[in-house]
Amino acid sequence: MIAQQHHLTLYSMWASSCAQRLWIALHYKGLEYDLIPVDLVKDEHLGSAYVENISAHKTVPVLKVDLTGSSPSDSPLILRQSLTALHWLEDAYPARPSLLPAWQTDPLKRAHVEDLVNLMAVDIQPVTNRRVALRAEAMGATYEQWVSEICAGGFDSYERLVAKSAGKYSVGDEITLADVVLYAQVDLAVGAAKMSIDAYPTISRIFDNLKQHPSFAQAEKRKQPDAPAQRAAAAKS
């Protein structure tokens, strides 16, 4: 396998679906990275050092890229949006397992994958994130109601779009970026919002298949070092 050319540091929180996308992709590509937990509940993302040096937008995930062997004075590359980071990983490591079909060889398949990615990542996820959900709760909705209602519309569209393209996964029998983004959103809906996906048989089947893949199994939220169960276990040891 081609040697890893960069030192990667991921700032994330165990409950973040956007961070989960990157855990999956990094494991899928076999890339090593340092993980720095950022506790949004404790407002660690609002600290001056984090805002000034890592994310002026005060969010996670953030992927920091340092060139291996570069001068300490060189500024690292800071990728503050998960989709930007995911596409950068594709471009930076073309010899590693790919999550995107090449435009040159299969433009129709690539366009379909990107369409599915944006349905989940652009249309659905932003209005289910913590900041928006807290505002919805302030207006009388429960977190579960809000997330389930938003996700239902997105899942209905996704189910229709993959009716013909799905095999074992969303587009045939190879994992793509669409599966990475879908998995993170379904995991949020099923886990945090207690939503049933029985009404979406294709999505349900894809989700079950993805759970069996090592890269997705390693990216379970409860397995992250800052997850409550992991912290409790570490405190006892």
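User: What does leucine 89 touch?
Analyst: In this predicted model, leucine 89 touches Leu8, Leu22, Ala25, Leu26, Lys29, Leu31 and Leu63, leaving aside residues up to four places away in sequence. Contact means heavy atoms within 4.5 Å. Local features need pLDDT of at least 70, side-chain atom pairs count only at pLDDT 80 or more, and totals for chains, interfaces and linings use all residues. Residues are numbered from 1 along each chain as its sequence is written, and side-chain values use heavy atoms, with hydrogens and water left out.

User: Which residues touch the most other members of the largest nonpolar core?
Analyst: Leu8, Leu89, Phe155 and Tyr158 do, in a core of 57 residues. Such a core is a set of buried Ala, Val, Leu, Ile, Met, Phe, Trp, Tyr and Cys residues joined through side-chain atoms within 4.5 Å; buried means under 20% relative accessible area with a 1.4 Å probe, protein chains only.

User: Which helix gives the most to this core?
Analyst: H7 does, with 9 residues. Helices are DSSP runs of H or I, at least four residues, numbered from the N terminus.

User: Where does the core lie relative to the domains?
Analyst: Domain 1 (8–96) and domain 2 (107–218) both contribute residues, so the core lies between them. The bounds come from an automatic or database domain assignment.

User: Switching to serine 215: is it buried or exposed?
Analyst: Serine 215 is buried, at 5% relative accessible area, and is found in helix H9 (residues 214–217).

User: And what does serine 215 touch?
Analyst: Serine 215 touches Ile24, His27 and Tyr28, again not counting residues up to four places away in sequence. Its side chain reaches the backbone nitrogen of tyrosine 28 at 3.4 Å.

Definitions and conventions: Buried means under 20% relative accessible area, exposed over 50%, partly exposed in between (1.4 Å probe, protein chains only). Helices (H or I, at least four residues) and strands (E, at least two) are DSSP runs, numbered from the N terminus. A polar contact is a pair of N or O atoms within 3.5 Å; within protein, one must be able to donate a hydrogen and the other to accept it, and residues adjacent in sequence count only if both atoms are side-chain atoms.
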